[in-house]
Amino acid sequence: MPELEETPGAAGGGKPDLFFEEEDLQYEEEILRNPFSVKCWIRYIEFKQNAPRHVLNLIYERALKELPGSYKLWYNYLKQRRKQVKTRCVTDPSYEEVNNCHERALVFMHKLSPENAEEYIEYLRSIDRLDEAALRLATVVNDERFVSKEGKSNYQLWHELCDLISQNPDKVKSLNVGAIIRGGLTRFTDQLGKLWCSLADYYIRSGHFEKARDVYEEAIQTVMTVRDFTQVFDSYAQFEESMIAAKMETTSELGQEEEDDVDLELRLARFEQLITRRPLLLNSVLLRQNPHNVHEWHKRVKLYEGKPREIINTYTEAVQTVDPFKATGKTHTLWVSFAKFYEDNGQIEDARTIFEKATKVNFKQVDDLACVWCEYGEMELRHENYDQALRILRKATAIPAKKAEYFDASEPVQNRVYKSLKVWSMLADLEESLGTFKSTKAVYDRILDLRIATPQIIINYALFLEEHTYFEESFKAYERGISLFRWPNVYDIWNTYLTKFIDRYGGKKLERARDLFEQALDGCPQKYAKTIYLLYAKLEEEFGLARHAMAVYERATRAVQPSEQYEMYNIFIKRAAEIYGVTHTRSIYEKAIEVLSDEHAREMCQRFADMECKLGEIDRARAIYSYCSQICDPRTTGSFWQTWKDFEIRHGNEDTIREMLRIKRSVQATYNTQVNFMASQMLKVSSNATGTVSDLAPGQSGMDDMKLLEQRAEQLAAEAERDKPRAKEKILFVRSDASRSELAALSRQANPDEIDIEEEEEEGESEENEPDEVQLEQQSVPSAVFGGLKTD
């Protein structure tokens with residue numbers, strides 16, 4: 001904030017504007033050299049003793065401003081002031097001035113220290129001497145060395161000053177309120193809303209309502225933040241509402257006249273207009289924050305909907321203001337929207353003018369200029385000016401006098417747009433629709449020469465040639481595209497090329513087709529190999545040799561991703577079975593089980609075993625189940641063991657069932673000794689109610705957890721050893737854990753060889769808990785049966 005205004009000529013060390021004589025020059029120069037010397041001021045005062053009293057008082061004031069703590073100056077000054085009013089009446093105003101001088105002397109010499117200025121200001125406010133309080137507070141605010149004892153910042157003190165002078169305009173006369181607050185507007189730029197409201201409040205309390213309205217209007221047109229705008233706008237709206245309320249109250253008390261009606265209608269209209277203007281005013285605030293915000297310019301245009309002149313002015317201001325290199329958003333959209341506005345209103349020539357100007361703007365990105373050219377051409381197409389659209393796109397793709405690389409930011413976009421694929425793609429579409437075969441082919445060739453083609457452009461070019469029966473030219477286009485791209489971008493080209501080639505020639509050019517497939521598969525990533533291999537195998541099946549097709553399928557199982565191998569093996573097995581028969585699939589199943597993950601290998605084993613069952617190879621199927629069991633944890637793969645059990649019930653006997661159970665226990669013991677199952681096993685042991693004391697309280701037995709696990713593993717291994725089948729005299733086709741009633745029911749089944757045996761109890765059960773073996777009745781065999789081999 002600037003220093004508060006002082007009486008003219010009262011600046012410390014400066015020369016007075018009045019009553020200056022030539023003899024004063026040497027004293028003034030001496031004071032200028034050393035304004036803080038009491039002797040210089042005393043000599044000057046002694047020299048001016050005979051001067052008029054107001055001149056002498058002015059010199060004293062100047063001296064005390066520089067030396068407010070000088071006792072000698074204050075003593076002489078007060079003595080001089082008392083002498084000046086000695087002969088006057090006590091009611092003379094001069095006495096009040098002398099008293100004020102004494103008060104000031106007491107302030108500077110005795111009563112208050114500089115750090116206690118806030119206490120003095122508060123005292124002045126309490127006795128309603130607000131003018132002097134404002135002066136003291138202004139002095140504190142202007143003193144950069146002042147430190148508030150109450151911890152207030154300079155802004156807080158300054159805000160107190162603004163509140164004091166704005167809320168008491170009739171009591172504060174010594175300060176220029178408008179100048180002070182406006183000075184704060186330049187000093188505290190982050191609190192403009194409060195300051196503007198304080199200034200308007202000052203004029204409202206002073207009765208200058210139109211001046212207050214001008215302040216509000218100036219504020220909402222200059223604030224830079226939404227917060228400040230909200231403060232000012234809310235205060236402005238409240239002011240207008242209070243003015244309307246006051247007018248209505250006055251009218252109701254004094255009676256209604258015609259002039260009052262007009263004034264009230266005016267105020268209502270003004271308030272309604274203010275509320276209506278709010279979105280536009282807020283948009284202005286955001287644009288003052290960032291004049292290069294393209295989105296806010298578009299919003300501003302929408303706010304002017306239905307007002308063509310304002311829309312045109314807004315677009316004009318926008319395209320002149322926004323810098324493409326500083327813009328937030330796409331600058332070209334302003335030009336395009338501007339041209340579309342003219343187009344929508346039937347002014348095509350004006351729209352063309354806008355587009356022509358837009359093509360000369362130095363945009364930040366080449367794509368922006370390309371969009372302008374494309375929109376220009378589309379506008380002509382909408383109005384069926386096809387030749388004009390072609391001319392525009394040909395002009396856009398013309399080679400400039402100075403060529404430049406597409407990403408060379410040092411060159412203007414006009415020199416780089418000839419490499420924009422967006423413009424070339426639109427030109428190619430127009431040439432296909434409106435041009436000749438020759439012109440269209442030239443456009444596509446030019447795109448390939450510039451090396452800006454995409455796989456889709458290649459495919460479009462080849463399909464275009466194919467439509468005009470230029471098949472070999474079409475294949476050459478595919479070849480050119482393949483040479484431009486690498487995997488994975490070339491996948492679509494290869495897929496389309498191979499499909500079209502097979503559709504065209506079938507088996508007529510089989511060797512050439514094989515060469516193409518081998519070329520495509522060379523370096524092909526696993527992710528894209530499946531489709532090409534299947535297409536290759538289909539070619540061999542339909543037009544080639546079956547063994548070649550099988551070789552392709554076999555290669556495919558190794559080339560695809562691991563997640564696709566299972567599906568690929570399924571296809572391989574199905575095709576092999578259809579071509580050579582199911583017996584030919586055995587080697588494929590074996591290979592699949594070897595390379596697939598455990599989950600897929602289990603499923604493949606079950607399918608393999610099921611196939612062997614259908615072929616009557618029971619022993620083969622049992623061997624497959626036995627092999628698969630090594631990767632089947634009974635805890636997580638119960639379905640496999642159930643399938644094997646059902647198989648043994650249908651096709652096995654007691655020994656095979658016991659062998660299955662032995663294998664199951666062995667596998668379970670193997671998984672139990674693995675690290676992955678130690679924690680769960682310990683938990684199970686510790687929670688087993690039938691366990692030993694050491695099982696229930698491992699910490700109390702003195703053994704560590706690892707030792708417990710080792711003991712448990714040994715126990716399970718022993719149980720597995722006990723479960724091995726023992727040699728018996730006879731093979732009993734009965735269930736090992738069946739009751740007699742169940743055996744009777746079993747004998748009544750359609751298939752007497754089919755045995756339904758339940759799974760043995762969980763691990764940890766002792767052999768004593770197993771049911772007793774069913775004893776069958778035996779009869780004696782006549783001795784004649786044995787002949788001479790019978791011994792005593």
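Reader: How much of the chain is made up of buried residues?

Author: Buried residues account for 42% of the 792 residues in the chain. Buried means under 20% relative accessible area, exposed means over 50%, and partly exposed is in between (1.4 Å probe, protein chains only). Before we go on: this is a predicted model, where local features need pLDDT of at least 70 and side-chain atom pairs count only at pLDDT 80 or more, while totals for chains, interfaces and linings use all residues. Residues are numbered from 1 along each chain as its sequence is written, and side-chain values use heavy atoms, with hydrogens and water left out.

Reader: How many helices and strands are there in the chain?

Author: Helices (H or I, at least four residues) and strands (E, at least two) are DSSP runs, numbered from the N terminus. The chain has 38 helices and zero strands. As for contacts (heavy atoms within 4.5 Å), take those in the chain with a separation of 6 or more: 56% of them are between residues 24 or more positions apart.

Reader: Which residues touch the most other members of the largest nonpolar core?

Author: A nonpolar core is a set of buried Ala, Val, Leu, Ile, Met, Phe, Trp, Tyr and Cys residues joined through side-chain atoms within 4.5 Å. The largest one has 124 residues, and those touching the most other members are Ile 447, Trp 494, Tyr 497, Leu 498, Phe 517, Met 604 and Trp 644. There is also a second, separate core of 54 residues, with Val 107, Leu 157, Leu 175 and Ile 180 among its members. Back to Phe 517: if you skip its neighbours within four places in sequence, it contacts Leu 498, Ile 502, Ile 532, Leu 535, Tyr 536 and Leu 539.

Reader: On to helix pairs. At what angle do H22 and H23 pack?

Author: Two packed helices are described by the angle between their axes and the distance between the axes. Axes are lines fitted to C-alpha atoms, for helices over the stretch in contact, and angles run from 0 to 180 degrees between N-to-C directions. H22 (residues 455-467) packs on H23 at about 170°, with the axes 7 Å apart. That makes H22 roughly antiparallel to H23; the cut-offs are under 35 degrees for roughly parallel, over 145 for roughly antiparallel, 65 to 115 for roughly perpendicular, and oblique for the rest. The H22 side of the contact includes Ile 458, Ile 459 and Leu 463, and the H23 side includes Phe 471, Ala 477 and Tyr 478. By class, this contact has ten nonpolar, two polar and two charged residues. Here Ala, Val, Leu, Ile, Met, Phe, Trp, Tyr, Cys and Pro count as nonpolar, Asp, Glu, Lys and Arg as charged, and the others, Gly among them, as polar.

Reader: How far apart are the axes of H21 and H23?

Author: H21 (residues 437-450) and H23 (residues 471-484) have their axes 11 Å apart, at an angle of about 20°. H21 and H23 are therefore roughly parallel to each other. Their crossing is left-handed; left-handed means the near helix is turned anticlockwise from the far one by less than a right angle, and right-handed means clockwise. Lys 441, Asp 445, Leu 448 and Asp 449 of H21 meet Glu 473, Arg 480 and Leu 484 of H23. By class, that contact has two nonpolar, no polar and five charged residues.

Reader: What does Glu 473 touch, not counting residues up to four places away in sequence?

Author: Glu 473 touches Lys 441 and Leu 465. This H23 residue is partly exposed, with a relative accessible area of 30%. Glu 473 and Ala 462 are 7.6 Å apart, C-alpha to C-alpha, and eleven residues apart in sequence.

Reader: Is the crossing of H16 and H18 left-handed or right-handed?

Author: H16 passes H18 in a right-handed crossing. H16 (residues 332-344) and H18 (residues 366-382) pack at about 15°, with axes 9 Å apart. That makes H16 roughly parallel to H18.

Reader: Is Glu 384 buried or exposed?

Author: Glu 384 is exposed, at 57% relative accessible area. Asp 128 counts as partly exposed, at 43%.
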